[in-house]
Amino acid sequence: MARSASSPPGRKALRETPPSEPRTSTRSTGSVTLGDVAKLAGVSPITVSRALNHPELVTPETLETVRQAIAETGYVPNLLAGGLASSRTKLVAAIIPTLGNAMFIDTIQPLNDLLTGAGYQLLLGLSGFPTTDEQELLKGILSRRPDAIVLTGVNHSDESRQRLKAAKIPVVEMWDLTPAPIDSLVGFSHEKVGKAVADFLFHKGYRRFALVCAGDERARIRRRSFLEALGGFGLESLATVDVPTPTTVRMGREGMARLLADGHRPDAVFCSSDVLAHGVLAEAQSRGLRVPEDVAVMGFADLDFAAYTFPALSTVHVDRAAIGTRAAEILLARLGGKPAGPTMVDIGFEIIERASA
């Protein structure tokens, strides 16, 4: 890119390199160094380093010149080398079970946005269901020396907990609560969710209950609490269909079909996810059952589509974005040496009553 003669003094003007002229800013191996960028920009290597790591300390004109030199040379900073020198890698790792569940995606997006805006990169790892791969995943992630780690859930192996504590970096567990977090925690009580749903449906007049429930640990906690609460009302015999994770609409339809095929006629079905509840709704209506007159349907998470099913889905609202936002705020405060506020944040939940129950 040609620059005018009015370029600020002390700075080499950037120029287009004719196709026939060999690049002098790359080594014979094709690797571009920080020194190559400095030479093209007409500044010192220290200035380039400062522009990359502390841009607020560089004048806007110099910063623009360095950025253009980086763009022209294709230079990629060696963040690991810089991190070793400063004890920082500017890398934050987050482990979630799957990308097939909108609940986790809605949490990760604000987490990523806030971290990226502060100059950090988010490394995402998938532990699967059940989270048996978390231990090996953590071992690989910690070997890359992240500045902080975000985990989904609070159930981890003893080895993983020991590794995380030994790393002496900020850790935020999310999507659950525990009285003994590894470090910081942002979530809500799944036990309280199960009880609240049982109370809601019972006091609406429903008495014949069924569950279509996934096998992940948090769904199991909600199911156990739901059953215990109904037991307190004198209702102990409930039909339950277990499905694998991640859940799909098809699993919801098949779950409802199985309930009916086994002779169950529930007047209310509590599903461990809105996705399953959507399938239950569809299957019930395909068989001529009226919702909620013949059978009520209750979901969990209040995903974007929940208000637009027919009838609109009653569910449990969880502020998924707030989980990611608060986790990022805690990490950034800790990484910046500032007080992070409470180490345990309960974001709560809300029963959303719509037409399906």
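## The sheet

Strand β8 (residues 268-271) and β9 run parallel and are joined by three bridges. Ala268 has Ala296 as its bridge partner in β9. Strands here are DSSP runs (E, at least two residues) and helices are runs of H or I of at least four residues, numbered from the N terminus. This is a predicted model, in which local features need pLDDT of at least 70.

The open sheet has four strands in the order β7-β6-β8-β9, with parallel pairing; two strands pair if DSSP finds at least two bridges between them. β7 (239-243) and β9 (296-298) are at the edges with a single partner strand each, so one side of each lacks a neighbour in the sheet.

## Helices on the sheet

α9 lies across β6 (209-214), β7 and β8 and runs at about 165° to β6. Helix α10 (residues 249-261) packs on the sheet too, touching β6, β7 and β8, and its direction makes about 150° with that of β7. These angles run from 0 to 180 degrees between N-to-C directions, with axes fitted to C-alpha atoms, for helices over the stretch in contact; contact means heavy atoms within 4.5 Å.

## Helix α5

The buried residues of α5 are Met103, Phe104, Thr107, Ile108, Pro110, Leu111 and Leu115. They lie on the same side of α5, because their arc around the axis is only 165°, taken from the directions from the helix axis to the C-beta atoms. Buried means under 20% relative accessible area (1.4 Å probe, protein chains only). Their cover includes β1 (91-96), β2 (121-126) and α12 (320-335).

Just after α5, Gly119 has a positive phi of about 90°. Residues are numbered from 1 along each chain as its sequence is written.

How values were computed: This is a predicted model: local features need pLDDT of at least 70, side-chain atom pairs count only at pLDDT 80 or more; totals for chains, interfaces and linings use all residues. Side-chain values use heavy atoms; hydrogens and water are left out. Buried means under 20% relative accessible area, exposed over 50%, partly exposed in between (1.4 Å probe, protein chains only).
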